[in-house]
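Me: I am new to reading protein models. Let us go through this one step by step.

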Amino acid sequence: MLFLTRLKVLLRRKSTLFWVFLFPLLLATAEYFAFGNFIHSTPIDTISIGIVEQKTPEVLETIFKEAKLEEDKYLYEVKAYTSLETASRALEEDEIKQYIYEKEDKIEIVAKANGMELNITNSIIEQAKIIEITIKEAYQNYYQELALGNHPEPVNEQEIILNLTKEISYFKNNSTNKTANFYTFYFYSLMAMSCLYAALFGVSIIQDVRADRSSLGIRISSSVASKGKIMLSYFAASCFLQILSATILCLYFVFVLNIGLGENIGLILLTLILGGFAGISIGMLIGTLVQGGEAKAEGIVTAVTLSLSCLSGLMSVDVKHLVDKYLPFINYINPASLISNSLYALYYYDTYTSYLVYSLILICFSVLAIGIVIFKMRGEKYASL
């Protein structure tokens, strides 16, 4: 009875229903038309790249020449230039899509536009640093063995490079075997944002059960009914609507926008449900900690949701790249990143290890938030009602 009554109350809150149900659909539609044909196009093909001779490490040049899309197709078409001027001119004339050179021990990339190709090049440059360190360690071990009077095998740099560049082939495997591409990540972040907007349900739960926030809270606090039972019913009703919202969003992606989400639709829905739990928990936490009316708490929820979604890559995948590079720990405390990374791992990886790690952290985050709410509200008393 309490569950059905709460559903009727929530269904009358048009502004909350707009943000939870309609806004994600509108934003998804806008992104779909903004990206145009890129969504359904093949994301990766051979990339023409310029390398400025005498200004690019030999190891990095070798990596670009050896990286492959598949067994008989290279990832890069490498063109050598004698100066920055000639490389820049080639870029302007569309002979190449980007070029690289070394400046003050740092590899600089010059390209006309951001995108998947630029991110791949950035990733390979990061990998080159690992290879360089690996080769240095191999030489150190070699000379240490010589000093000890042993006879180790000479370091084979080419073999090290080839072994460590084999993993680059996954770019092509992912793009040919699956229908999603680079732009799908924006939709993952959008799905994460829709989960966090369930925080508005959480705020309403706290506002409606606290006597110092609403007249309904006064009646609940003065009644003989268990406040815990009432809150549990309210939470269940909110979760039901969030599950309905997640299901509608998935169906809209797959059958209306024709965006491939992968084969594990069940686990995708489970992730969105867990994300919805996290969103409701955040709303309850904010509603408990923030003093003031419901409008103030909802304003904070909106600001927090957009900020967390931005850090997860909703506005720009470059923001996510910067977070991954300089503040990686944020990905493990940002529920939006946990949701989008869970979806990303579920789609792109053959194993479920990363998916399970992100999902467990998300569950722990929700439990912690609910635990703080219970602690703050436990034994709450009022001088008068």
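Me: This model is predicted. In the hairpin of S5 and S6, which residue takes a positive phi?
Reply: Look at the turn of this hairpin. Two residues lie between the strands S5 and S6. The positive phi, near 55°, belongs to Glu104.

Me: How many bridges join S5 to S6?
Reply: The strands S5 and S6 run antiparallel. The number of bridges joining S5 to S6 is six.

Me: What is the order of the strands in the open sheet?
Reply: The sheet is open and has four strands. Its pairing is mixed. S5 and S6 run antiparallel, while S1 and S4 run parallel. The order is S4-S1-S5-S6.

Me: Which strands stand at the edges?
Reply: An edge strand here has a single partner strand, so one side of it is left without a neighbour in the sheet. That holds for residues 76-81 and for residues 106-111. The edge strands are S4 and S6.

Me: By how many degrees are neighbouring strands of this sheet turned against each other on average?
Reply: Direction is ignored for this value.

Me: Which residue in S4 stands opposite Ile51?
Reply: Strand S1 covers residues 47-52. Six bridges join S1 to S4. Opposite Ile51 stands Ala80.

Me: Which helix lies across S1, S4, S5 and S6?
Reply: The helix covers residues 84-92. It runs at about 155° to S5, which spans 98-103. The helix is H4.

Me: How many helices does the protein chain have?
Reply: The chain has 385 residues, and 44% of them are buried. Its secondary structure includes six strands. The count of helices is 16.

Me: Are H1 and H11 roughly parallel or oblique to each other?
Reply: H1 spans residues 2-11, and its axis comes within 8 Å of that of H11. The axes cross at roughly 55°. Angles under 35 degrees count as roughly parallel and 65 to 115 as roughly perpendicular, so this angle falls between those classes. H1 and H11 are therefore oblique.

Me: How many residues of the contact of H1 with H11 are charged?
Reply: The contact includes Leu2, Phe3 and Arg6 of H1, and Ile230 and Tyr234 of H11. Eleven of the contact residues are nonpolar and two are polar. The number charged is one.

Me: Is the crossing of H11 and H12 left-handed or right-handed?
Reply: H11 covers residues 227-256 and H12 covers residues 265-289. They pack at about 135°, with axes 9 Å apart. H11 and H12 are therefore oblique to each other. Their crossing is right-handed.

Me: How many residues of the contact of H11 with H12 are nonpolar?
Reply: H11 brings residues including Met231, Phe235 and Ile243. H12 brings residues including Ile268, Leu272 and Phe277. Four residues of this contact are polar and none is charged. The nonpolar residues number 13.

Me: Is Ser194 buried or exposed?
Reply: Ser194 sits in helix H8, residues 184-196. Its relative accessible area is 3%. Buried means under 20%, so the class follows at once. Ser194 is buried.

Me: Which residues does Ser194 touch, not counting residues up to four places away in sequence?
Reply: Ser194 belongs to H8. One of its contacts, Gln242, also takes part in the packing of H11 with H12. The residues touched are Pro24, Gln242 and Leu249.

How values were computed: Residues numbered from 1 in each chain as written. Predicted model: local features only at pLDDT ≥ 70, side-chain atom pairs only at ≥ 80, totals over all residues. Heavy atoms only, no water. Pairing = 2+ DSSP bridges. Axes fitted to C-alpha atoms, helices over the stretch in contact; angles between N-to-C directions. Contact = heavy atoms within 4.5 Å. Parallel < 35°, antiparallel > 145°, perpendicular 65-115°, else oblique. Left-handed = near helix turned anticlockwise from the far one by under 90°. Nonpolar A, V, L, I, M, F, W, Y, C, P; charged D, E, K, R; others polar. Buried < 20%, exposed > 50% of the residue type's maximum accessible area, 1.4 Å probe, protein only.
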